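Subject: Structure handover

Hi,

Here is the structure I promised to pass on. Please open it first, then read the notes below.

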Amino acid sequence: MSVFTTTLNQISFLFGFIIIGFILVKLKVLPENASVVLSKLENTVFIPALVMGTFIENFTVDRITSAWKLLTISFVIAIIVIPVAIVISKLVTKDKYIQKIYTYGLSFSNFGFMGNAVVMSMFPDIFFEYLIFTLPLWIIIYLWGVPRLLIAQLGEKPTFKESLKAFVNPMFVAMIIGMIIGLVNIPVPEWIRSLIDTSGSCMSPVAMILTGVVVSSNSLKKAFTNVSIYIVSIVRLVVFPLMFIFVAPLCGISGTIFICGVCSLSMPLGLNTIVIPSAYGKDTSVAAGMAVISHLFAVLTIPVIFSLI
């Protein structure tokens with residue numbers, strides 16, 4: 001029970017920031033464009049700083065020798081989960097646009113914003129390995145998930161050049177810089193290290209507040225009365241991680257790779273299904289419902305999953 005209690009306390013702590021974001025919007029303390037501002041801060045400053053600092057500290061020859069295992073297992077999990085996600089999405093709704101939203105949500109959990117926060121809190125010693133583990137997921141997101149499921153119009157296929165442009169983003173640039181500095185062991189002035197570390201520490205609370213801000217602008221009534229959202233949330237939060245927990249040992253997966261897999265699979269549905277489509281004027285009511293329900297359920301499901309491992 002100690003693992004369950006510890007995890008529950010940490011998830012509740014993070015969820016508290018979601019509530020703060022929600023309340024601030026409802027009280028009109030934050031402006032209407034708060035989600036845009038917070039999202040830009042996360043994606044251009046806080047997450048890149050966290051990634052850069054982690055790679056500067058950990059990207060050494062000794063620690064990257066086993067990286068191929070993390071990358072391989074992550075990629076295998078993705079190519080298994082994505083077809084299942086597509087099938088389930090088609091079973092729960094006939095709406096083509098909603099199918100894409102469900103497919104993205106089932107294929108890619110909130111392994112970035114919330115996953116980083118949870119792993120930093122619960123498993124700080126393997127945070128570097130977790131970032132390596134999620135690299136294939138980011139690659140698939142930028143090449144297929146975002147351009148094909150969230151941006152493209154129905155029946156439209158983005159070009160490879162358009163998908164490739166997505167890689168030129170602050171997080172990957174920060175990662176490359178961190179890799180070079182860490183591998184070559186380039187000395188970094190103390191004030192720059194402090195700036196990077198302090199900025200990175202802002203990632204978790206701001207990410208959770210952003211979640212609250214985003215979901216606050218949508219109808220909660222629709223979210224709680226949509227049965228398909230419950231189905232998708234349960235599959236994402238319970239079915240996928242449990243399947244991995246029982247199958248992974250049979251395949252010889254254990255230790256750090258096992259924990260990374262469980263963490264990435266047990267996170268709630270991501271926020272990209274809201275933030276990105278809204279920037280293109282698309283309906284985000286179902287996506288917001290997914291975020292609300294899955295994050296509420298995650299307060300209980302994540303501690304239970306972590307207790308099992």
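At what angle do helix α10 and helix α11 pack, and how far apart are their axes? Bear in mind that this is a predicted model.

**Helix pair**

The angle is about 30°, and the axes of α10 (residues 190-201) and α11 (residues 203-216) are 5 Å apart. Angles under 35 degrees count as roughly parallel, so α10 and α11 are roughly parallel to each other. On the α10 side, the contact involves S199, G200 and S201. On the α11 side, these meet M203, S204 and P205. By class, the α10 contact with α11 has 4 polar and 2 nonpolar residues, and no charged ones.

**Aromatic pairs**

Searching the whole structure gives 8 aromatic pairs. Two of them are described here.

Take F111 and W138. Their ring centres are 5.0 Å apart and the planes sit at 65°, so this pair is edge-to-face. F111 is in the loop between α5 (96-107) and α6 (113-122), while W138 belongs to helix α7 (residues 127-151). The pair therefore ties together parts that are 27 residues apart in sequence. F111 is buried, at a relative accessible area of 3%. W138 is buried too, at 17%.

Now F244 and F258. Here the ring centres are 5.7 Å apart and the planes are at 20°, so the pair is stacked. F244 sits in helix α13 (residues 227-247) and F258 in helix α14 (residues 255-266). The two are 14 residues apart, and the pair links distant parts of the chain. Both F244 and F258 are buried.

There is also an aromatic cluster. Its members are Y104, F108 and W144.

**Whole protein**

How many helices and strands does the protein have? The count is 16 helices and 0 strands. The radius of gyration is 19 Å, close to the 19 Å from the globule rule for 309 residues, so the protein is as compact as a globular protein of that length. Along the principal axes, the C-alpha atoms fill a box of roughly 55 × 50 × 50 Å. Of the 309 residues, 52% are buried.

Last, the contacts. Consider those between residues at least 6 apart in sequence: 85% of them join residues at least 24 apart.

Over to you.

Best wishes

Definitions and conventions: Residues numbered from 1 in each chain as written. Predicted model: local features only at pLDDT ≥ 70, side-chain atom pairs only at ≥ 80, totals over all residues. Heavy atoms only, no water. Axes fitted to C-alpha atoms, helices over the stretch in contact; angles between N-to-C directions. Helix = DSSP H or I, 4+ residues; strand = E, 2+ residues; numbered from the N terminus. Parallel < 35°, antiparallel > 145°, perpendicular 65-115°, else oblique. Contact = heavy atoms within 4.5 Å. Nonpolar A, V, L, I, M, F, W, Y, C, P; charged D, E, K, R; others polar. Phe/Tyr/Trp six-rings, centres within 6.5 Å; stacked < 30°, edge-to-face > 60°. Buried < 20%, exposed > 50% of the residue type's maximum accessible area, 1.4 Å probe, protein only. Rg over C-alpha atoms; globule rule 2.2 N^0.38 Å.
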